[in-house]
Amino acid sequence: MSSKTVNQNAWWLVLPVFIMVAFNALIPLMTVVNYSVQESFGNNEFFWSGTIWFEQLLEDDQFRSSLLRQISFTSIVLFIQVPLGLGIALCMPRKGPWVSVCLVLMALPLLVPWNVVGSMWNIMALPDIGLLGKGLNALGIPFNYTRQPISAWFTVVLMDVWHWTSLVVLLCYAGLVSIPDAYYQAAKVDGAKPWAVFRFIQLPKLKHVLTIAILLRFMDSFMIYTEVIVLTGGGPGSATKFLSIDLVQKALGGFDLGPAAAMSIVYFLIILLTSWLFYTLMMRNEAQ
Amino acid sequence: MAKITLQNLRHSYNPEPKGEEDYALKRMSLDWADGGAYALLGPSGCGKTTLLNLISGLLIPTEGQILFDGRDISNTTPERRNIAQVFQFPVIYDTMTVYDNLAFPLRNRGMGEAEVDKRVREIAEMLDLSRTLQNRASGLTADGKQKISLGRGLVRSDVNVIMFDEPLTVIDPHLKWQLRSKLKELHQRIRRTMIYVTHDQTEALTFADQVVVMNNGEVVQTGTPIDLFERPMHTFVGHFIGSPGMNVMPCEVKGGQATFAGHSVQTVNARNYKGKGQKLEIGVRPEFVSFAKTGIPVDIVKVADAGRYRIVETRAANSSIKLLVPDGDHIPVGKTHLAFDATRTQIYENGWMVGVRP
Amino acid sequence: MALELKQVSKRVGADVHIHETSAVFASGSFNVLLGTTLAGKTTLMQLIAGIQKPTTGEIWFRGKNITSVPVQKRNVSMVYQQFINYPNFNVYDNIASPLRVAGMDAAEIDRRVGKAAELLRLTSMLKRKPSELSGGQQQRTAIARAVVKDSDIILLDEPLANLDYKLREEMREELPKLFAGRDAIVVYATTEPAEALLFGGNTATMHEGRITQFGPTSTIYRKPNNLISAQVFSDPPINTAKISKRGKVITIFDNIKWPSGRVEKTLPDGDYNIGIRPHNISTSGEGAHVGVIEGRVLVTEISGSESVIHCKIGGQTWVSQSHGIHPFEVGSITKLYVDIDQSLYFGANNEFIA
């Protein structure tokens, strides 16, 4: 019933944000759009080229395979991290002195800079001296991430799981803690088995938190760059050459500004579209 | 259904309680008959929630036993005590329909679908939920949700006791009486043991046949609403129940005769008093005080209009005495005298009614 | 004449929150706005405070038009239903905060805070933080902050709604004493008729964005101008029914005959709406001017010293309120005795007649 006084002065307070966003996002984005429809031969000379870069891109095998690689990678890490994160959150204590210990341990990987994560796992996976690499070989499992695509993928996925599962854990834990005790007591009284408690109380109450977690993890993993560049450099061969690596190689390595810009835009649209689609689906479900 | 017995029950949150003050719940023994409607009434922090949690099994008592039908269940887990509970805020399973919510406790215990269906429909009928059975439970109003919480308890035939923890908190004040009516009707129909925990006197007195009033971790009186009104066993009960509460004035007792501010007062129990006179008080409810030609001289301090009657505040010897005067009756100005109804005036020693407890 | 609302109204989009309203609040008066939730009490208070601006009309204070004066420049204080205090300040600093904003010197602040704390029995807790206080003490702190500066207008929006009933009882006694002898205009919003009665002063009954009646509380209670005002000012709800009066006889519920009592000569024969307050219906006491009717008990609500019996009569629910404890079994049939001389009679448009 309460309503606010209508007053236009507040727009002035928002103005700095508009300017910031313009410099941060809009102007760079428009520059990229500009590049994507032009051809350049250096010397700052540009020629109109229409949609040619986009057509070329969509027929480019290299782009298709790195896109496929990217989708596989994101799917794999989501399938591992979300259930694993939820599982760990469920196992964490809700009361007592261990709570803060667990929370600090969980937060640690999130505090490590990305390039350091890459270096850490690079060293750890070295087949001759690394703990992981040497250990696996000692167990009789042939492992060499610089030579075998499987080993490289295994290491990259493991590194991402190590780095980012914590985020899912912390989000889920916050969601779990906010469920009132009465729900658990009622479930006990109703004779619900642990699985039923999870299925009918915890999961429904965690829906919002899980939506956010999946969304964040999708976007981040789809844009992964630093850690992989440091760890494998996209190799062996092109085995771990994800979209972002491909893009950077095109733009900086080849100085193919037009094609790289077109690729950036397609890349951006994929992320935007998927996130939007996912979000609307989850929210529509809510409305029903 | 079960008879509930509390034997020398005592609880402390301190693992090594030293003195009496460490106990959140002081030693108590109670007998609750099978099929009765009981209420635990007291201000926040009086120990009623502790007692509730002891009965439901969320807490294990420091001392004493809880018996259901003579069986000691003090150390049994909550799920094995067969208790149903309705909480302050409705607990429903959001993703299920009303039907599935009601069926949930039965299905968890492996009951056949035909039997489940029969029981769910029977209970839904009782609670006026039949028309909404196929709706999502999360879309119901607060009172609908509370009915579901209650229904999940009623649907099982093996429930020993149904407990209510301030269940009407979220209900619109104008609709409360309807749910109170429903609860009373349900209790009459199914005759299960029910325990209602609240800090609100209307909730407790309306629902229960027997009300247990608690204060500072101990039971101060158990009785019917009439007992609590007419014979408060403790000055706390007199103060806490009824608005305005009981008048309490310091007094002296000599030779079986009570005197207040130099005037003798006829009481129910002064002649039983043989003690030494530690903190003696007279208690009389405003309903049983009237103006008189002779009696205790007082000054009228304030008259407040309550519509159907007026509350008159008077003062005598540094004590405030209130009385109720029906609308339209004459109220004197300034100085006057008061008379107390001798059959409704009691003597209290250290808070307790004389002759009730040593 | 201190505060005057001149044809004030408030619309938000297509919704009318306050219909055109005029009212005058005198200096030093205690005014209760009585009505259910959504009756428009809060909106009216916000208009007075200057938090909202009226869509039409003007607000005058001490001979000046203050309609467009913002809330910061009106000398008002407000207390809300929620206990609103600064969580990081102790009680002393909380109470002192409006004085510090006004730039008062420390000695004067100390004197005033001490006085306000004493009035509200907070002297022993001045060093505590709000989180270390009980609900009642938190609300006392908020009230102390409202009274510590010499506000011209003090607005209290259901300040006791979130307190336990015993505390509410105590505060109801203390509040009027707090404002007695001040110049300030006090406006107090509540949903409870009992509060309006106990405070005395003036009452404005509000219903769906309108003030239906405004005047001395006792008059409004005993002589409502229409059925709506009577309904707003009755808890439990006032019992109503259609009747027809013929000389000495009132016919109610089609075929039940009651004596017409006090209105035998004064009320012309005809059809009316009758309003009977719950406390004028009891479960005992025959008499010459008593109407008898049978009802089926839905529930007996007992509030310590009173019984409120809800009964089904015909298709309607009637309520009786009587002193003492009278438990009736749910579903039992009981006779109700109506003190017919206390009834209120309303015409076809629900206007008050007798």
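Helices, counted as DSSP runs of H or I with at least four residues, and strands, counted as E runs of at least two, are numbered from the N terminus. On this basis, chain A of the predicted model contains 13 helices and two strands. The radius of gyration of chain A is 24 Å, well over the 19 Å that the globule rule gives for 288 residues, so chain A is more spread out than a compact globule. Along the principal axes, the C-alpha atoms of chain A occupy a box of roughly 75 × 70 × 30 Å, and 27% of the 288 residues of the chain count as buried. Of the contacts in chain A that link residues at least 6 apart in sequence, 70% are between residues at least 24 apart.

In chain B, the axes of helix 2 (residues 98-108) and helix 3 (residues 113-126) come within 10 Å and cross at roughly 130°, which means that helix 2 of chain B is oblique to helix 3 of chain B. The crossing of these two helices is right-handed. On the side of helix 2, the contact involves Tyr99(B), Leu102(B), Ala103(B), Leu106(B) and Arg107(B), which meet Val116(B), Arg119(B), Val120(B), Ile123(B) and Ala124(B) of helix 3; eight of the residues in this contact are nonpolar, two are charged and none is polar.

The contact between chains C and B takes 24 residues from chain C and 27 residues from chain B. On the side of chain C, two or more residues each are given by helix 5 (165-179), helix 6 (193-199), helix 7 (217-222) and strand 16 (290-302), with the largest share, five residues, coming from strand 16 of chain C. This side of chain C comprises 11 nonpolar, nine polar and four charged residues.

Terms used: Residues numbered from 1 in each chain as written. Chains lettered and ligands numbered in written order. Predicted model: local features only at pLDDT ≥ 70, side-chain atom pairs only at ≥ 80, totals over all residues. Axes fitted to C-alpha atoms, helices over the stretch in contact; angles between N-to-C directions. Parallel < 35°, antiparallel > 145°, perpendicular 65-115°, else oblique. Left-handed = near helix turned anticlockwise from the far one by under 90°. Contact = placed C-beta atoms within 7 Å. Nonpolar A, V, L, I, M, F, W, Y, C, P; charged D, E, K, R; others polar. Rg over C-alpha atoms; globule rule 2.2 N^0.38 Å. Buried ≥ 20, exposed ≤ 12 C-beta atoms within 10 Å, placed from the backbone.
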